[in-house]
Amino acid sequence: MALQRRPIESGVIDPLPFMHPLLRRNYGTWKWHERPRPGVLHHVAESGEEVWTVRAGTQRQMDVYTIRKLCDIADAFADGFLRFTTRSNVEFMVDSADKVAPLIARLEAEGFPVGGTGNSVTMISHTQGWLHCDIPATDASGVVKSLMDALYHEFTHAEMPNQVKITTSCCQINCGGQGDIAINVQHTKPPIIDHDLVAKICERPAVVARCPTAAIRPAMVNGKPSLEVDESKCVCCGACFPPCPPMRINDPVHSKLAIWVGGKHSSTRSKPTLHKLVAAGLPNNPPRWPEVTEIVLKILYAYKGDARPYERMAEWIGRIGWARFFELTGLPFTKYHIDNWRGSRGSLNTSAQVRF
Amino acid sequence: MPKPMPETPLLDELESGPWPSFVSGLKRLAASDDKRYAPMMKDLLGQLERSYETRRGYWKGGTVSVSGYGAGVIPRFSEIASEFPESAEFHTLRVIPPAGTHYSTAMLRSLCDVWEKHGSGLIALHGQTGDIMLQGCRSENVQPCFDEVNELGFDLGGAGAGVRSAISCVGAARCEHSCFDEAKAMRLLVNNFLDEMHRPSLPYKFKFKFSGCANDCANAIARSDFAVFGTWRDDIQVDQDEVRAYVARHGRKWTIDNIIRRCPTEALSLNDDDSLEIDNKSCVRCMHCINVMTKALSPGRDRGVCVLIGGKRTLKTGDMLATVVTPFLRLQDDADYEKLLDLAKRVMDFYVENALEHERIGEMIERIGLVNFLAGIGAEVDPNMINHPRTNSYVRTDGWEEEVAKWTARKLAEADATAQAAAE
């Protein structure tokens, strides 16, 4: 038998050889920047050298033909270098302002929208979904494609009060991030257990330990070792499903979508915040999830119309209050919006300050 | 005779509209009948269409890996392989990109060529944790694919209960707000823990992220166990002529409403001559004024990082933001970077020793208390770690004098160090 090859454990590799020469030369010595138009950044270095960056949206899940097309564009216009943002936008760097317009024209001709900078709605960060994940209740790429079609103008223009970051997640483990608007799966029924398979597939103590509300316990069912769920305690989170696929949480009808707002990663102005539930019970409705798009647009345009410059979603709601948020968006307020356990007191109004 | 394209009426609806369509890309691969992956992508489209019809996923996990590694490959076996046999095995290789996700077209083309040879031709740039995701590889092709990708210079990222791939913002490569060398810090820390990445044996996943300033473009605070932020200790650098030019261009009302009043700690004031007064002692390095007046203002010169620990998403006790564990660590020369690495090692050691199975470090700290965690990693308490001191008097305080003595000794030592630095 041939000796097996030992891996080269190179880890994170040095980016310098793959970095546009202008960025390499001025590494760590940038002086200031401006945004001449949506989708374009202009940075000036201490050395006096300047770089213009053109940002364009992609579908993230890319075929090699699309990637090679992006490479062709980089070879023709950007010295053979490109980079990607954390939200799957592609960026091309050029060394003169004259090179920006032809690059934009080519990108647009090839179907890549130019935008996503500054106070725009940038690309939605999304998870894997039905295309590749083993636990999703919905798709990710399809939801994002549908939403970005509807948000195309807001990506290619910069008309929002501040940047808007939208995220999606296909299960309640939520591998998407915090979002100004987040679209997440919300299961509404406890798992349906396939008792024939539990003992064969699942390490039962690990599944019991995984439950956040201690609702799962070992049980004998039809003479076989299995698990049972105390449905009065179950919060339908689906945490038991990854370690034990017979705990079937995903349901074509009862796995719904929920919308959350006001998440913010940055410590800019206000401190970072987690997003909050504002709408639930939306149907998981492929291929275009129109009910989700409708509510996202409702929230987005209430924000666009009412927020002041630089206010992120959370900061806008902080100023106008939740009563006015529900009034402006027309979304119903229910008992499910109130977090209802001992540790949730911090989310209650402990003052005489109310809004009318 | 090539396998026919599957009927995909639901997915076809995702080919219309102005945004680039992933479905069109999948179809391009499926229609490439001269390529070995075409039948696989036809069945993949068929299975995805089935998911759109039934609103169910059809992938299950399993065990597939490359020699020497216990992570980096995400196995996917189809539950409906009898109907879609060509995509029965559709594994992902998570590949670590260069820090900052910079590519030369030569490198990216080589990667595409290798992937066309061994896999489906479908690549996500990038996954949520920051990996290049080569999606759609048969079990027997995983090792040869990895070998070639590895020879190109790329390594596999993390999965499961180990150190995961990291993300750093564009940072020093193209941003004047950058307060440290994000790529250097990321490579130093992550590459020190490659054993924990490639042969995962931690209680649960552990993610590092690096943002050059408080704007947090790497989404570190909510999405990483070990979040490193650039910041500075001295004063914001001001070019008053540029401040006046900004006010002249935008007007006083705009400047006051959108810069002065937006300062979260009221540290800014516009002088009568349209210059800017900054109370740097009150400034919390939030970046807003610097973001807006990019020509006039920049971070100070005494730069370093603030380290926050314990951010995560929902599973299993709810979303958590990371909290301050090191308010400031100067990060300029190599010795400073070694101190950051030393902190990461202490944090990792304590996590490995003390977390329960499947417990993230944020959950562990919530369970044992921040004070015990700090003691465990040998860190001192600091008022920057809290929003406010405790409001509950039910605590035993009979060690008070001892703790006061520690604080006093620390403050004296700091004063001595400052005096010595001033003398030099």
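In this predicted model, the C-alpha centres of domain 2 of chain A and domain 3 of chain A are separated by 31 Å. The domain assignment of chain A places domain 1 at 16-109, domain 2 at 129-188 + 252-339 and domain 3 at 192-248. Contact between domain 2 of chain A and domain 3 of chain A involves six residues from each of them. On the side of domain 2 of chain A that touches domain 3 of chain A, three residues are nonpolar, three are polar and none is charged.

Chain A has nine helices and 14 strands in its secondary structure. Along the principal axes, the C-alpha atoms of chain A fill a box of roughly 80 × 75 × 35 Å. Chain A comprises 356 residues, of which 52% count as buried. Among the contacts of chain A that join residues at least 6 apart in sequence, 65% link residues at least 24 apart.

For chain B, the domain assignment gives domain 1 (61-152), domain 2 (167-231 + 305-423) and domain 3 (237-298). A distance of 48 Å lies between the C-alpha centres of domain 1 of chain B and domain 3 of chain B.

| Chain | Domain 1 (residues) | Domain 2 (residues) | Domain 3 (residues) |
|---|---|---|---|
| A | 16-109 | 129-188 + 252-339 | 192-248 |
| B | 61-152 | 167-231 + 305-423 | 237-298 |

Chain B contains an open sheet of five strands, in the order 8-9-10-15-16 and with mixed pairing. Strand 8 (167-168) and strand 16 (323-330) of chain B each have a single partner strand and stand at the edges, so one side of each is left without a neighbour in the sheet. Within this sheet, strand 9 (residues 208-211) of chain B pairs with strand 10 (residues 226-232) of chain B in the parallel sense, over four bridges. K209(B) has A227(B) as its bridge partner in strand 10 of chain B.

Strand pairing also links the two chains. Strand 5 (residues 81-84) of chain A pairs with strand 5 (residues 102-104) of chain B in the antiparallel sense, over three bridges. In strand 5 of chain B, S104(B) stands opposite F81(A).

The contact between the chains takes 91 residues from chain A and 100 residues from chain B. Helix 4 (residues 105-118) of chain B supplies eight residues, the largest share of the side of chain B that touches chain A. By class, that side of chain B has 46 nonpolar, 33 polar and 21 charged residues.

The largest nonpolar core has 152 residues, and those with the most contacts inside it are F92(A), L93(B), I123(B) and M186(B). Leaving aside residues up to four places away in sequence, M186(B) touches V12(A), A99(B), A166(B), S168(B), F208(B) and F210(B). Another core, of 64 residues, lies apart from the largest one and includes F155(A), I181(A), V261(A) and L300(A).

D273(B) is located in the loop between strand 12 (268-270) and strand 13 (276-278) of chain B. D273(B) counts as exposed because 9 other C-beta atoms lie within 10 Å, and the cut-off for an exposed residue is 12 or fewer. The C-alpha atom of D273(B) is 37 Å from that of A423(B), and the two residues are 150 residues apart along the chain.

How values were computed. Residues numbered from 1 in each chain as written. Chains lettered and ligands numbered in written order. Predicted model: local features only at pLDDT ≥ 70, side-chain atom pairs only at ≥ 80, totals over all residues. Pairing = 2+ DSSP bridges. Domains from an automatic or database assignment. Contact = placed C-beta atoms within 7 Å. Nonpolar A, V, L, I, M, F, W, Y, C, P; charged D, E, K, R; others polar. Buried ≥ 20, exposed ≤ 12 C-beta atoms within 10 Å, placed from the backbone. Core = buried A, V, L, I, M, F, W, Y, C linked by C-beta atoms within 7 Å.
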